[in-house]
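Me: I would like to learn how to read a structure like this one. Could you walk me through it?

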Amino acid sequence: MRVTGKLFWMPKKGNSIEEYEDAAYPVESFEVDVPEFKCAVADGATETSFAGFWAALLCEGFAEGYAMKELRKTWNDAVRQKELPWYAEEKLEKGAYAALVGLHLKKTRGKKNPFVVEATGDCCILHVRENQMLSAFPISKSEDFNNSPALVCSHEFASVDAQMQKHTTKGEWKDGDSFFLLSDAIACWALKRQEELQDLANVLQNIETQEDLNRLVDEERQLILEDGRPSMKNDDVTLMCVTVCS
Amino acid sequence: MPYTAEISRTNPSCFLFLIDQSGSMQEPFGTKDGAAGGKTKAESLADAINRLLQNLVIKCAKSDGIRDYYHVGVIGYGGTGVGPAFGGALKDKEMVPVNEIANNPMRVEQRVKKVDDGAGGLVEQKIKFPVWFDAKGEGGTPMCTAFITANKLLTKWLAEHPDCFPPIVINISDGESSDMDPYQAAMDLMNLSSTDGQVLLFNLHLSSSSEKAIEYPNDDEKLTEEHSKVLFSMSSVLPEYMQKMLSAEGVPVTFATRGFVFNADLVSVIRFLDIGTRPANLR
């Protein structure tokens, strides 16, 4: 099974590259020939601290199969290494939060080649075949995005974990299928684009370089809709395009 | 649509607190069971403003420090007049970025709070509790002058930040204005606006009454005190996005719901500030 992946990202306008809090794994574009493959995109929540680090751990954890307990310990050990001001300490106690979407592809000996997607929060995956969008998961309508999704927390709080909902879906991939893993701002924009113009697969396939993504995002952030909001919310943006062939 | 402006370091918004430091605030604060020996209204006010500032700072805290999404002012009004109320390094400052608030509390106390132990139970945990204000109360209640002072301050702020998310003013008082009828001055304050909407004025009424706490009422029918009715009449109707957030938390709201609470907590206002993704399951 040959899997190629293109990864593009950009920080929220007004923020520096260091302040980018999405994450992906693999951490750069890739091309591999393997019987099984895992990749992920995550989005650290703005209102929590060390969220980018937590998002990166979740992506790596999904792809490499690390246990949640292990990831939480790694986060906690790393962020508590120095004395912090009162507000940073208080923020740490609340933990970091992130949305995660992970894709697991397998090549079997049979005719059907399965994939599994796991998702928590509002990072999304779109499945595209022959320039047509087959499905969007875990959110399939742009109106279902909001600013308060239940996310994965770096602390093991019973009350917090109880509200966190991990969604799973399964399917089959065929030669040449593409999967787009997206963080929330571009995912919401993408679903709206599909609802209005039904040309999303084409638009996404045409993003071949980082400059292509920068151009698209800049234009959509500047385009103000009737309700006074930008066509694409000003937020970190991550796009991973995975194409698979047997 | 109003109240949609992005709050960022390049386009910050502003919080202005008006705190009643008059003599009547030394009276006992109402307890639900009417028990004696509780806090004074001035002590309850100090708790309220310290908690609001603490929550605002934490909201803006990130791994790399504080992001100045807000500028903050605190105006005190009482027997010593009307003016900036901070002490220490912030003394006499009318409006400062939130990082200056974060880094200049009067002192940081150690307190104990109960937290989730991860197994469905609670454990005691030591926390740092910053204090910017101690209880204070003497003389009259020049609330009208406080609104006029706030008006001047925000007129200047809005000229410098014409496209900001509209400033939020939080007035914490027992409602006994002693200079003039504050109604018109409050209306004038609420009529100030940025391109994104009008200034929001919320009132927290601290009373000696042992009546049940009231949060975000739709009308003044259940408000038994005259001062409550006055403060309610001077409170902004909640913008639609705040109505939705309150509604999502199970609070019954209508298009008439106002930013007013009686002997209750206004920290929810900080929770409603939109600076990015806020996890639904954040504790």
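Me: Which side chains meet in a salt bridge at 2.8 Å, N to O?

Reply: Side chains of opposite charge can pair when their charged atoms come close. The term salt bridge is used for a side-chain nitrogen of Lys or Arg within 4 Å of a carboxyl oxygen of Asp or Glu. Here the side chains of Glu19(A) and Arg9(B) meet in one, with 2.8 Å from N to O. Some ground rules: this is a predicted model, where local features need pLDDT of at least 70 and side-chain atom pairs count only at pLDDT 80 or more, while totals for chains, interfaces and linings use all residues. Residues are numbered from 1 along each chain as its sequence is written, chains are lettered from A and ligands numbered from 1 in the order in which they are written, and side-chain values use heavy atoms, leaving out hydrogens and water.

Me: With which residue of chain B does Glu19(A) form a salt bridge at 3.8 Å?

Reply: That partner is Arg67(B), with the closest N and O atoms 3.8 Å apart. Glu19(A) lies in the loop between strands S1 (2–10) and S2 of chain A, and Arg67(B) in the loop between strands S3 (65–66) and S4 (70–78) of chain B, so the pair joins two chains. Helices (H or I, at least four residues) and strands (E, at least two) are DSSP runs, numbered from the N terminus.

Me: Are Glu19(A) and Arg67(B) buried or exposed?

Reply: Buried means under 20% relative accessible area, exposed over 50%, and partly exposed in between (1.4 Å probe, protein chains only). Glu19(A) counts as buried because its relative accessibility is 11%, and Arg67(B) is buried at 4%.

Me: How much area do chain A and chain B bury between them?

Reply: The size of an interface is often given as the accessible area lost when the parts come together. Buried area is what two parts lose in this way (1.4 Å probe), summed over both. Chain A and chain B bury about 3,600 Å², 48% of it on carbon and sulfur atoms. Glu47(A), Trp86(A) and Tyr87(A) supply 25% of the area that chain A buries against chain B, more than any other three residues. Counting contact as heavy atoms within 4.5 Å, 39 residues from chain A and 39 residues from chain B take part.

Me: Which backbone oxygen does the side chain of Lys62(B) reach at 2.8 Å?

Reply: It is the backbone oxygen of Thr46(A). Lys62(B) sits in strand S2 (residues 61–62) of chain B and counts as buried, at 4% relative accessibility.

Me: How many residues of H1(A) are buried?

Reply: Helix H1 of chain A, residues 51–64, is mostly covered, with 10 of its 14 residues buried. Among them are Trp54(A), Leu57(A), Leu58(A) and Phe62(A). What covers the buried residues includes helix H2 (68–79) and strand S5 (97–106) of chain A. Just after H1(A), Gly65(A) takes a positive phi of about 80°.

Methods. Polar contact = N/O pair within 3.5 Å; in protein donor to acceptor, adjacent residues only side chain to side chain. Expected span 1.5 Å × (residues − 1).
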